[in-house]
Amino acid sequence: MKIILAGAGAFGQKHLDAIRAIGGIEVDSLVGRELAPTIEVAKRYGIAHAGTSLTEALARPGVTAAILATPTQLHAAQALECLQAGKHVQVEIPLADSWADAEAVARAQRETGLVCMVGHTRRFNPSHQWIHGRIAAGELCIQQMDVQTYFFRRTNTNALGQPRSWTDHLLWHHAAHTVDLFAYQTRSPITLAHAIQGPIHRQLGIAMDMSIQLKTAAGSICTLSLSFNNDGPLGTFFRYICDNG
């Protein structure tokens, strides 16, 4: 495959590392907000072309797909541009910051028939796949998923310690992973959802704590706790409570 990648920040570089490990993929162009740091990352990963225009990168010959690791507010418009240019696209989370924009992207995907995948890839983790195999075989049926997602984050910086041009969010950037995984593992539509958030941080303008409950048509429930105030252990922890284990 010949692809382009938009977003030269921390997560864009994670994609580039993964692409190296997969093999057989040529990154034809790297697109960034500022030219100088984008060129620097492109040189480090051996990418011949770097620029600041997604439109220009999509028009390069032989490109079949794009990865978008750009700020949240750009996702929907850029995903639409990729689909309209006839390219498959992988969009980092969240797909959009409004329901209308998310629906517009979903509609464009149906109309073009191209792949448009959002980065909720937790379902592909080997541990979750092992559980999924047992569920598919009829050995287990989920009664409850109990999930904790904990970080300690008081400043708006990325994984490289650099300032972000967007604000991380417990619901759009973290809870959605578990919502997707819960729907995938239970194989039943989510019919009930409750969510409450804690106090809003003065500087960041977001809730630092959140609690979410979900229920499927089949009766399985999910209890999800999230926090940017928790100083360890950090990460996401899963407890699968099933009828038979």
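Which residues lie nearest the centre of the second largest pocket, and how many residues line it?

Modeller: The model is a predicted one, in which local features need pLDDT of at least 70 and side-chain atom pairs pLDDT 80 or more, while totals for chains, interfaces and linings use all residues. Residues are numbered from 1 along each chain as its sequence is written, and side-chain values use heavy atoms, without hydrogens or water.

The lining of the second largest pocket comprises 21 residues, and those nearest its centre are P94, W99, H120, W172 and A176. A pocket is an open set of points on a 1 Å grid with protein on both sides within 12 Å along at least five of seven lines, and its lining residues have an atom within 4 Å of a point. The volume of this pocket, the space filled by probe spheres set on the points, is about 610 Å³.

Four elements each give at least two residues to this lining: the helices α5 (99–112) and α7 (170–186), and the strands β8 (190–197) and β9 (209–216). Helices (H or I, at least four residues) and strands (E, at least two) are DSSP runs. With five residues, α7 makes the largest contribution.

P94, one of the residues nearest the pocket centre, belongs to the loop between β5 (88–91) and α5. The peptide bond that joins I93 to P94 is cis, with omega at about -10°. Most peptide bonds are trans. A cis bond also joins G232 and P233, where omega is about -5°; P233 sits in the loop between β10 (221–227) and β11 (235–242).

Two of the contributing elements, α7 and β8, have a loop between them, and R187 is found there. Phi of R187 is near 55°, a positive value although this residue is not a glycine. R187 counts as exposed because its relative accessible area of 54% passes the cut-off of over 50%, whereas buried means under 20% and partly exposed lies in between (1.4 Å probe, protein chains only). In strand β8 lies I190, which is partly exposed at 31% relative accessibility. The C-alpha atoms of I190 and G219 are 9.3 Å apart, although 29 residues separate the two along the chain.

E56 belongs to helix α3 (residues 54–58) and is partly exposed, at 44% relative accessibility. V115 lies in the loop between α5 and β6 (116–118) and is likewise partly exposed, with 48% relative accessible area.

The volume of the largest cavity is about 30 Å³, and its lining consists of R153, T155, N156, T167, D168, L204, I206 and F228. By kind, these lining residues are three nonpolar, three polar and two charged.

Conventions
1 Å grid on protein atoms, 1.4 Å probe; cavity = no way out; pocket = protein on both sides within 12 Å on 5 of 7 lines; lining within 4 Å. Nonpolar A, V, L, I, M, F, W, Y, C, P; charged D, E, K, R; others polar.
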